[in-house]
Amino acid sequence: MSTPSVVIVDDHAIFRAGVKAELGEGVELLGEADSVEDAVRAIAKLEPDVVLLDVHMPGGGGVQVIEQVAKQRPHQRFLALSVSDDPQDVIAIVRAGARGYVTKTITGEELTDAVRRVRDGDAVFSPRLAGFVLDAFAGDLPAEQVDPELDQLTAREREVLRYIARGYLYKEIALRLHISVKTVEAHVSSVLRKLQLSNRHELSRWAVSRRLVD
């Protein structure tokens, strides 16, 4: 089995050093980049099997890297590696063309395996993130079928809305989504404002009418 070649793209030098140490001899490291511009240039020059790509960077982030590289190397394979597990980040990078998305809690052995699988054509996602991707793409609808009110909510706001509609308390939602109670409250306030509703009871009725709850 041949060793996959990799370019690491991340704007934090300490993190890049950590990834290199974790990967060890499991991959052939061709180079590194810490910005969108440097990444595009390095990928074009080095032609790696897989690009390990951070999602958030100055100058447009991972999505911008993928879009620019696609003009020169349309079949380049990308594996997103990020601290973020926000559904919006996951869906954005996958829509741009990444073949996988794993979080920075992954072990070196798991990351090496993920790189190899992406090199070989597989799609690789951390278990919790796979559901976001399946839900998002299963939910793609023709424009005339999109609910304009629901469509204005972010993926996280929809998650919070579903829990509210099922009767969960803010504290319970925070625990389930691994966010703070204040963040839950902020999401609920945003949903109420966008949907022009007054309280969580109206939210629940709205969600049931849209069949967002089982």
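# Notebook: helices, a threonine and some salt bridges

Started with helix 4, residues 87-96, and asked which of its residues are buried. I get Pro87, Asp89, Val90, Ile91, Ile93 and Val94. I keep in mind that this is a predicted model.

**Overview.** Stepped back for the whole chain. I count 11 helices and six strands in the protein. Of its 214 residues, 43% are buried. I also looked up how far apart in sequence the contacting residues sit. Taking contacts with a separation of 6 or more, 64% are between residues 24 or more positions apart.

**Helix 2 against helix 3.** Next I looked at how helix 2 (residues 36-46) passes helix 3 (residues 61-70). Their axes come within 9 Å and cross at roughly 35°. I noted the handedness of this crossing as right-handed. Which residues meet there, from helix 2 and from helix 3? From helix 2 I list Val36, Ala39, Val40 and Ile43; from helix 3, Gly61, Gln64, Val65, Gln68 and Val69. Sorted by class, that contact between helix 2 and helix 3 holds six nonpolar and three polar residues, and no charged ones.

**Thr103.** Went over to strand 5, residues 100-103, where Thr103 lies. Buried or exposed? Thr103 has 12% relative accessibility, and the cut-off for buried is under 20%, so I put Thr103 down as buried. Its neighbours came next. Leaving out residues up to four places away in sequence, Thr103 touches Leu81, Ser82, Ser84, Asp85, Ser126 and Leu129. I also found a polar contact from the Thr103 side chain to the side chain of Thr105, at 3.0 Å.

**Salt bridges.** How many does a search of the whole structure find? I get 10 salt bridges. I went through some of them one by one.

Glu47 with Arg73: their side chains meet in a salt bridge, 3.8 Å from N to O. I then checked where the two partners sit. Glu47 is in the loop between helix 2 and strand 3 (50-53), and Arg73 is in the loop between helix 3 and strand 4 (77-82), so this pair ties together parts 26 residues apart in sequence. I have Arg73 as partly exposed, with a relative accessible area of 23%.

Asp113 with Arg117: this salt bridge has its closest N and O atoms 3.8 Å apart. Both Asp113 and Arg117 lie in helix 5 (residues 108-119), four residues apart, which is about one turn of the helix. I looked up accessibility for both partners. Asp113 is partly exposed at 36% relative accessibility, and Arg117 is partly exposed at 33%.

Asp120 with Arg119: here I read 2.5 Å between the closest N and O atoms of the salt bridge. Arg119 comes out as buried, at 13% relative accessibility. Last, I looked for salt bridges that share partners, and found that they join Arg16, Lys20 and Glu32 into one network.

Notes
Residues are numbered from 1 along each chain as its sequence is written. This is a predicted model: local features need pLDDT of at least 70, side-chain atom pairs count only at pLDDT 80 or more; totals for chains, interfaces and linings use all residues. Side-chain values use heavy atoms; hydrogens and water are left out. Buried means under 20% relative accessible area, exposed over 50%, partly exposed in between (1.4 Å probe, protein chains only). Helices (H or I, at least four residues) and strands (E, at least two) are DSSP runs, numbered from the N terminus. Axes are lines fitted to C-alpha atoms, for helices over the stretch in contact, and angles run from 0 to 180 degrees between N-to-C directions. A crossing is left-handed if the near helix is turned anticlockwise from the far one by less than a right angle, and right-handed if clockwise. Contact means heavy atoms within 4.5 Å. Ala, Val, Leu, Ile, Met, Phe, Trp, Tyr, Cys and Pro count as nonpolar, Asp, Glu, Lys and Arg as charged, and the others, Gly among them, as polar. A polar contact is a pair of N or O atoms within 3.5 Å; within protein, one must be able to donate a hydrogen and the other to accept it, and residues adjacent in sequence count only if both atoms are side-chain atoms. A salt bridge is a side-chain nitrogen of Lys or Arg within 4 Å of a carboxyl oxygen of Asp or Glu.
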